[in-house]
Amino acid sequence: MAIDWKVIAAQVGDLKSDGSELGSGTESGIRALELIVGEENIRGAVDQWTSFKPGYATAEKTLLVMRSSVAMEYCYEIYKNEPNTQRAERAIFLLTQLANGHFLRWAREFMEDNNFSIRWCATVALERVLEGPLDDEETALTKELLAKAEEDFEPKLRERALEIHKRLASNPSLKHLDL
């Protein structure tokens, strides 16, 4: 099957009416991969991971390369529809491995979850998110949530959050975050 890149460019919003294309960032490339692979297959990869059926590791590696928002949305859907299950925990683990700025729409909810594992995964994801491109509002929210984790009632989580904070603060390329 040959890919019609012009059609894909139009579908992801990169093709201008004059035939030229927009040319920076990776968001449209991620969306193009989602269209090529298909939402059903992406959701199937998430199902493979959360069930730990043979092939789950390959599914995970593929999802990590794609950084698919479809996969992140589906992980969140599993979390909401199957609360307090091992599958929900696995879905959140995967979601936090994929985390980027889109993760922030759910981050506060995860940080307030009673489940230690969910809060742990969310805290670890904050580091990944802070290392990526964020606007000022997203940066402020992420820093707020990291500070919240540093005050969690679980000592292990507080310790992990403090380690993350120190690591980020010592990274010269992240000086702009003012940690």
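## Overall make-up

Of the 179 residues in the protein chain, 39% count as buried. The model is a predicted one. The chain contains 10 helices and zero strands, so its elements, read from the N terminus, run α-α-α-α-α-α-α-α-α-α.

Along the principal axes, the C-alpha atoms fill a box of roughly 55 × 40 × 25 Å. Among contacts in the chain with a separation of 6 or more, 60% are between residues 24 or more positions apart.

## Helix H2 and its cover

Helix H2 spans residues 27-37. Its buried residues are Ser28, Ile30, Ala32 and Glu34. The cover over these buried residues includes helix H1 (5-12), helix H3 (39-51), helix H4 (56-66) and helix H5 (69-81).

After H2 comes Gly38. The phi angle of Gly38 is positive, near 95°.

## Helices H7 and H8

Two packed helices are described by the angle between their axes and the distance between the axes. For H7 and H8 the angle is about 145°, and the axes are 9 Å apart. The crossing of H7 past H8 is left-handed. On the H7 side, the contact is made by Leu104, Phe110 and Met111. On the H8 side, Ile118, Arg119, Ala122, Thr123, Leu126 and Val129 take part. Sorted by class, the contact of H7 with H8 has seven nonpolar residues, one polar residue and one charged residue.

The loop between helix H7 (104-111) and helix H8 (116-131) holds Asn115. Is Asn115 buried or exposed? Asn115 is buried, because its relative accessible area is 16%, and the cut-off for buried is under 20%. A polar atom of the Asn115 side chain lies 2.7 Å from the backbone nitrogen of Ser117.

## Arg105

Arg105 is a residue of helix H7. Its relative accessibility is 48%, so Arg105 counts as partly exposed. The side chain of Arg105 makes a polar contact with the side chain of Glu73, at 2.7 Å.

Arg105 can also be placed relative to Ala59. These two residues are 46 residues apart in sequence, and their C-alpha atoms are 24 Å apart in space.

## Thr96 in helix H6

Thr96 is located in helix H6, which covers residues 86-97. With a relative accessibility of 1%, Thr96 counts as buried. The side chain of Thr96 reaches the backbone oxygen of Phe93 at a distance of 2.8 Å.

Which residues is Thr96 in contact with, leaving aside its neighbours within four places in sequence? They are Phe103, Cys121, Ala122, Ala125 and Arg128. One of them, Ala122, also takes part in the contact between H7 and H8.

## The cysteines

How many disulfides does the structure hold? The structure holds zero disulfides. Cys75 is in no disulfide, and the nearest cysteine sulfur, that of Cys121, is 11 Å away. Seen from the other residue, the closest cysteine sulfur to that of Cys121 is in Cys75, and the sulfurs are too far apart for a bond because the distance is 11 Å. The cut-off for a disulfide is a pair of cysteine sulfur atoms within 2.5 Å.

Both cysteines count as buried: Cys75 has a relative accessibility of 0%, and Cys121 has one of 8%. Cys121 is also among the residues in contact with Thr96.

Notes
Residues numbered from 1 in each chain as written. Predicted model: local features only at pLDDT ≥ 70, side-chain atom pairs only at ≥ 80, totals over all residues. Heavy atoms only, no water. Helix = DSSP H or I, 4+ residues; strand = E, 2+ residues; numbered from the N terminus. Buried < 20%, exposed > 50% of the residue type's maximum accessible area, 1.4 Å probe, protein only. Polar contact = N/O pair within 3.5 Å; in protein donor to acceptor, adjacent residues only side chain to side chain. Axes fitted to C-alpha atoms, helices over the stretch in contact; angles between N-to-C directions. Left-handed = near helix turned anticlockwise from the far one by under 90°. Contact = heavy atoms within 4.5 Å. Nonpolar A, V, L, I, M, F, W, Y, C, P; charged D, E, K, R; others polar.
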